[in-house]
Amino acid sequence: MSLPNLHTIEGVLARFHEDLYAARSNQDGQAVRDRYLGRKGSVLAEWMERLAAAPPAHKRELGQLTNALKRELETRWASYLETRQATAAPAGAIDVTLPGREPPLGHRHPLTIVRSDLEAIFTRMGFTAVEGPEVEDEWHCFDALNMPAEHPARDMQDTLYLATPIAGEGPADRRTLLRTHTSSMQIRYMQTHAPPIRIIVPGRVYRRDDLDLTHSPAFGQIEGLAVGEGISLADLKGTLLAFAQQTFSPTTRVRFRPSFFPYTEPSAEIDLSCWQCHGSGCAMCKKTGWIEIGGCGMVHPAVFEAVGYDAERYTGFAWGIGIERIAILRYQVEDIRLFYENDLRFLEQFPY
Amino acid sequence: MRLVVSWLRDFVDVKASPEEIADTLGLRGFEVASVEPLPGGDAVIDFEVTANRPDCLSVMGLAREVATAFQIPYAPTPVTNGASVPTGTSDRITVAIDDEELGPRYVGAVADITGAASPSWMASRLQAAGIRPISAIVDITNYVLIERGHPMHAFDLARLAGAEIRVRRAKKGERITTLDGVERKLDENMLVIADRDRAQAVAGVMGGAHSEVSASTRAIVFESAYFKPASVRTTSKRLGLKTEASARFERGADVNGALPAMQRAIALMESIGAGNVSNPIVDRYPAPRRPATLHLRRARLASLLGAAVPEADVVRILQGLGLGVTAAGDGWNVVAPTSRVDLLREVDLIEEVGRHYGFERIESAFPVLTQPAPPPDPRIARDGLARRVLTSAGLSEVLTFGFIEATAAALVDPGAANTVAVANPLSAKFDTLRPLLIPGLMDAVAHNRRHGRRDVGVFEIGARFAPGGETRAVAVAQTGAVSDHWKNGPREVDFFDTKGIVERIADAFGIRVRFEPVTLPFLVAGQAAAVRVDGSALGFIGRLSPSIADERGAPRQDAIFVAELDLDALSASVGVPFASVRPLPRHPFVVRDLSIVVDDTLPAEIIRGTIRTAAERIVVAGAPLVDVRIFDRYQGKGVPDGKVSVSLRFTFQAPNRTLTDAEVQQSFDQVLAVLVREHGAVQR
């Protein structure tokens, strides 16, 4: 490899360019410039000297070449300065890649996120969100819901009872158990409001289940109730369809599978078409194409009779959906216990 | 209910495959647990039958459903026929019902038996249905149980004293050894089948060992009875004894199915050569129950389902299920057989029609809104505001259970005066309702600390329980650093971080809270305060006692600060909500700083109170004091022992004029004079 020839314009320019490129500081750059364009001892100065010493016959040609070299060197120097200014750090420069000081912002619990999303969806459909006590009496939790004293759900093995009753609103109001469903609040609401009614009741409920991968002795539920004249099972289906499509996927379908609950008649399990495989079968829907998310039905006339409504004039529907169930499906949580372990590594994965 | 498909075909000629039968009934209210193939192309479908359909705990009941679902006739083949032994009086047994309420019907028949074994077809059907074959007579009772859903029993006639059957309540202290060899103590609420001397069976639950049919038995008494569901249920529960019989009786067997079941058992016995009946069947049925007639209205059916089901379908479905249907006025009169214990009113018929018409065929609609929705429960917005304030403060939300272990509750409520126990807890871990949120929050902190997390800031909003009722609270716990950045390094959380959060919550709710030193068993003495509003308690704040942190599994040396506020009390104290803005001041303000030395035991709150009181008096005369804040507190060099230097920043501003230096100085001097007089303050 030979160095570019300093006796040709191209050679000089090529070397100038390389030297500038190698310059690490403004000072370095200036020194390079001086070596090529300086008054004394520079490359250009050498060319000038040679021009002065040249025979008259060559002077004209050599003069043009020297001028051309000078022009080229100056142009390159000017463009070098321009680029350098654009890239160099100005005085007081900071390392902008260092981490910022994020203002503190905590995370809402995933069950809170799901709950408020559901509240928003049903609120848009005209439902009013109301809350009720977690400790209830047997009448509100069972009797008024067409579950008479001998009903199996009232067994000590399914329901958690208190050792001593606690006080409720009135002097005679003694609460004796942890509610097994938020339906008890439906009763309280109907006792104090006349139809038409459209409410959702989100809240904590309790069952005598051991804590494991898929069960929790306490969990969140969101219950809906609509009462009015001419309310039908078709209306229930449409309401839950809107919920399903807004919660999971715009193409989700709803299927009602007949079932039995004492407080609704007819009763059904709510299945949603699998929004992952769209019915072709996947792990989430256990290859059935359908995912069960809760129960529903038309309010049993005995429930209306318990709260003093005219069961002939009014009809209504109700449903109950587990908040954990929705969260598990939506966020693909494999273990229900994660919701109550409160590990920040889990909680901080959810959006603010 | 394990349904053997070949058995089903004795009643309905269904051509569909077992899988198709399972899928179809799955959408008609009978959830399928499994479909298992059997030898010879047979199969068994395991259905989960809902509690309202005891009639479907039988081949016959499910056959009705299959016939209706597949729109084919319900047509039992001759092999399912019963005998036609007359009823009357027997000279070999007497039957008496002493308690008609608990035992409304008793059908008994004496048979002489041969000792023949069950044929293999019977044994294998029972096995497929999940019943262990035992002997021809027992197998016959079980076969009838599975086929017709009617529980039966057989006694060894020779072991019945006085050749007598008496349906009566157990006597006080009476005992019986049941077929499982366990001696059981009975009480007067339990119904028994007795002979002249003693109880020989617990009615509807299990027979007694004494009269068990054995290899030496020559004559038996078949029992086909009906017992009150609630009575069987409580007896079964009290004895802790659940059987195939009790499961059916407690949900409701068919009172009118008792005699056909007996005839069926006799026919089976005779057909397999296991015995024969030469005496009349004794049928004690003092108050025969007739099937109920219900009225179904066309319009009600359409409006409740929101679908127009063709009339032909309505009739087809109800008749298919074995109901008598006749057109009547605005709909139909429907006779529901007594086997259908779930059909009590019109809506039950609507369910039957809807179920078999197919819920999937009902088009979605939306209920008409006739009035605007009322506002939601104010607690939702209240809790939302608290949550917003706390997440904005960098705390993350946790959720813990409403029940905790008694030892955890005792840490915050040592005398348990405020603690409510669970009567039937799942385990000692969940045996007490939480009196405060702090124990659960404490466990959340400990969990994170144990898993390598240094800085923890969490809160919970939830219910807590006391004998006086249920309240909603918000609680906060912080430990580790509140901020950690490469430029400034970490800053450890202290009391005032948590206090600032409490103040922010109070501010968000527009209330003014006061902090007063307090002694609580779970907070470090001298680092705890009661939070009060208008003299009433709202909650507390302080540093958690290290021994409690240690006990709940957090490092003992952790400084954990906690606070808990009663949200119900908080929202009750909210005064005038924010309604209008104050005009912005038009005149400049003047700031003056003052450093004073006072006793270090003098609370800052008192100094501020003194200044505020003094300021109120000077408003007219001098420059109005609009703000005072403490910006430094210093002890050490230059300040005598037992004293503290407090630096205060005063802001003076008048709404209507620019203040002069003289005015400001006058006010400043007045305030200083009061501080000197009241607290012996010395200006630095």
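Tutor: What follows begins with the whole chain, turns to the sheet, and ends at the partner chain. This is a predicted model, in which local features need pLDDT of at least 70 and side-chain atom pairs count only at pLDDT 80 or more, while totals for chains, interfaces and linings use all residues. Residues are numbered from 1 along each chain as its sequence is written, with chains lettered from A and ligands numbered from 1 in the order in which they are written.

Chain A holds 12 helices and 10 strands, these being DSSP runs numbered from the N terminus (helices H or I, at least four residues; strands E, at least two). The chain is divided into domain 1 (9-82) and domain 2 (110-347), with bounds that come from an automatic or database domain assignment, and the C-alpha centres of these two domains of chain A lie 87 Å apart. The C-alpha atoms of chain A fill a box of roughly 130 × 45 × 40 Å along the principal axes.

In chain A, 7 strands form an open sheet with mixed pairing, in the order E1-E5-E6-E10-E9-E8-E7, where two strands pair if DSSP finds at least two bridges between them. Strand E1 (128-129) and strand E7 (254-261) of chain A are the edge strands, each pairing on one side only. Within the sheet, strand E9 (residues 290-299) and strand E10 (residues 315-322) of chain A run antiparallel and are joined by 5 bridges, and A:Met298 has A:Phe317, in E10(A), as its bridge partner. Helix H10 (residues 323-331) of chain A packs on the sheet, touching strand E6 (218-228), E9 and E10 of chain A, and its direction makes about 55 degrees with that of E10(A). That angle runs from 0 to 180 degrees between N-to-C directions, with axes fitted as lines to C-alpha atoms, for helices over the stretch in contact.

In helix H7 (residues 183-192) of chain A, the buried residues are A:Ser183, A:Ser184, A:Met185, A:Gln186, A:Ile187 and A:Met190, a residue being buried if 20 or more other C-beta atoms, placed from the backbone, lie within 10 Å of its own. Their cover includes strand E2 (135-136), helix H6 (138-141), strand E5 (197-206), E6 and E10 of chain A. Across chain A, buried residues make up 40% of the 352 residues.

Finally, the partner. In chain A, 72 residues are in contact with 75 residues of chain B, contact meaning that C-beta atoms, placed from the backbone, lie within 7 Å. Helix H8 (residues 233-247) of chain A gives the largest share of the side of chain A that touches chain B, 7 residues. That side divides into 39 nonpolar, 16 polar and 17 charged residues, counting Ala, Val, Leu, Ile, Met, Phe, Trp, Tyr, Cys and Pro as nonpolar, Asp, Glu, Lys and Arg as charged, and the others, Gly among them, as polar. Chain B itself has 19 helices and 33 strands, and its C-alpha trace spans about 125 × 60 × 50 Å along its principal axes.

Technical notes
Buried ≥ 20, exposed ≤ 12 C-beta atoms within 10 Å, placed from the backbone. Contact = placed C-beta atoms within 7 Å.
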